[in-house]
Amino acid sequence: MNVKILNADGEKLDAVVEGTDGDLTVVMAHGLGTSKDENARLFVDISDHFAKVARFIRFDFSAYGQSEGREEDMNLNKMASDLASVLTWVRNHFSGRVIILAHSLGSLVVRVLAPDDVERIILTSINSPDAQVHAASTIQRIQSRQGGVVNENGITLYPRLDGTIQKIGSQHWKVLRSINPLKLAETLSK
């Protein structure tokens, strides 16, 4: 079932609800330059495989996939707010346990939000515990793709695997460089 979930900015986040109607909901948070389908359909395969044991919510962060929003406005704080909106929507529509499965940048988003009303959090392809190292590896990945241009004070152009070019604004880099991923992980673990 496709649904639209409003975020704090009034943008519609595109989401898919699939699986069983049981008491377990798994919310999936994707990484940078991807969508609710994740690279190589990772999230689709997981939700298909476990559809008989849980309900899955795959959603696009604002400006990703089919969600509304401007790519240039994307940053960790906005993405954390999007995830909070999705979790609120889940709580308003379903009862039972909630688990978050986050991949890559989605793992960092979960650490920024640090939700305390979920049963479990599963982080995959976790980023470096040092924001500067994470930023440098992201820059290297973007620049390694043909047409990839990094401008931390303007617009970064990130060629996505589907052939589109994602625009990343300067706020993304500012927020990313200002956080302490290790401290966020310590806070989340409590």
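Val3 counts as buried because its relative accessibility is 13%, where buried means under 20% relative accessible area, exposed over 50% and partly exposed in between, with a 1.4 Å probe and protein chains only. The structure is a predicted model, in which local features need pLDDT of at least 70 and side-chain atom pairs count only at pLDDT 80 or more, while totals for chains, interfaces and linings use all residues. Residues are numbered from 1 along each chain as its sequence is written, and side-chain values use heavy atoms, with hydrogens and water left out.

Val3 is found in strand 1 (residues 2-6); helices (H or I, at least four residues) and strands (E, at least two) are DSSP runs numbered from the N terminus. Not counting residues up to four places away in sequence, Val3 touches Leu13, Asp14, Ala15, Val17 and Trp89, a contact being heavy atoms within 4.5 Å. Val3 and Ala15 are 12 residues apart along the chain, and their C-alpha atoms are separated by 5.2 Å.

Glu18 belongs to strand 2 (residues 12-19). With residues up to four places away in sequence left out, Glu18 touches Ser47, Ala54, Arg55, Phe56 and Arg58. Two of these contacts are described here as polar contacts, that is, pairs of N or O atoms within 3.5 Å; within protein, one atom must be able to donate a hydrogen and the other to accept it, and residues adjacent in sequence count only if both atoms are side-chain atoms. The side chain of Glu18 makes a polar contact of 2.8 Å with the side chain of Ser47, and a polar contact of 2.6 Å joins the side chains of Glu18 and Arg58. Between Glu18 and His103, which are 85 residues apart in sequence, the C-alpha to C-alpha distance is 19 Å.

Thr25 lies in strand 3 (residues 24-29) and counts as buried because its relative accessibility is 0%. Its contacts, not counting residues up to four places away in sequence, are Arg55, Ile57, Val90, Phe94, Arg97, Val98 and Ile99.

The loop between strand 3 and helix 1 (42-49) holds Thr34. With a relative accessible area of 4%, Thr34 is buried. A polar atom of the Thr34 side chain lies 2.9 Å from the backbone oxygen of Gly31. Thr34 is also among the residues that touch Tyr64, together with His30, Gly31, Leu32, Gly33, Met74, Met79, Arg160 and Gln166, not counting residues up to four places away in sequence.

Tyr64 itself is found in the loop between strand 4 (55-59) and helix 2, and Tyr64 counts as buried because its relative accessibility is 1%. The side chains of Tyr64 and Gln166 are joined by a polar contact of 3.1 Å. Tyr64 and Lys36, 28 residues apart in sequence, are 8.4 Å apart in space, C-alpha to C-alpha. Ala63 lies in the loop between strand 4 and helix 2, and has a positive phi of about 75° although it is not a glycine. At 12% relative accessibility, Ala63 counts as buried.

A positive phi is also given for Ser104, near 55°, in a residue other than glycine. Ser104 is placed in the loop between strand 5 (97-103) and helix 3, and is buried, with a relative accessible area of 16%.

The largest pocket has a volume of about 230 Å³. Of the 16 residues that line it, Gly33, Thr34, Ser35, Arg160 and Asp162 are the closest to its centre. On a 1 Å grid over the protein atoms alone, a cavity is a set of points where a 1.4 Å probe fits but cannot get out, and a pocket is an open set with protein on both sides within 12 Å along at least five of seven lines; lining residues have an atom within 4 Å of a point. Grid points are joined across faces, edges and corners, and a volume is the space filled by probe spheres set on the points. The lining divides into 3 nonpolar, 8 polar and 5 charged residues.

In helix 5 (residues 170-178), the buried residues are Ser170, His172, Trp173, Val175 and Leu176. They pack against helix 2 (76-93), helix 3 (105-113), helix 4 (131-144), strand 7 (156-159) and strand 8 (165-168).

Methods:
Nonpolar A, V, L, I, M, F, W, Y, C, P; charged D, E, K, R; others polar.
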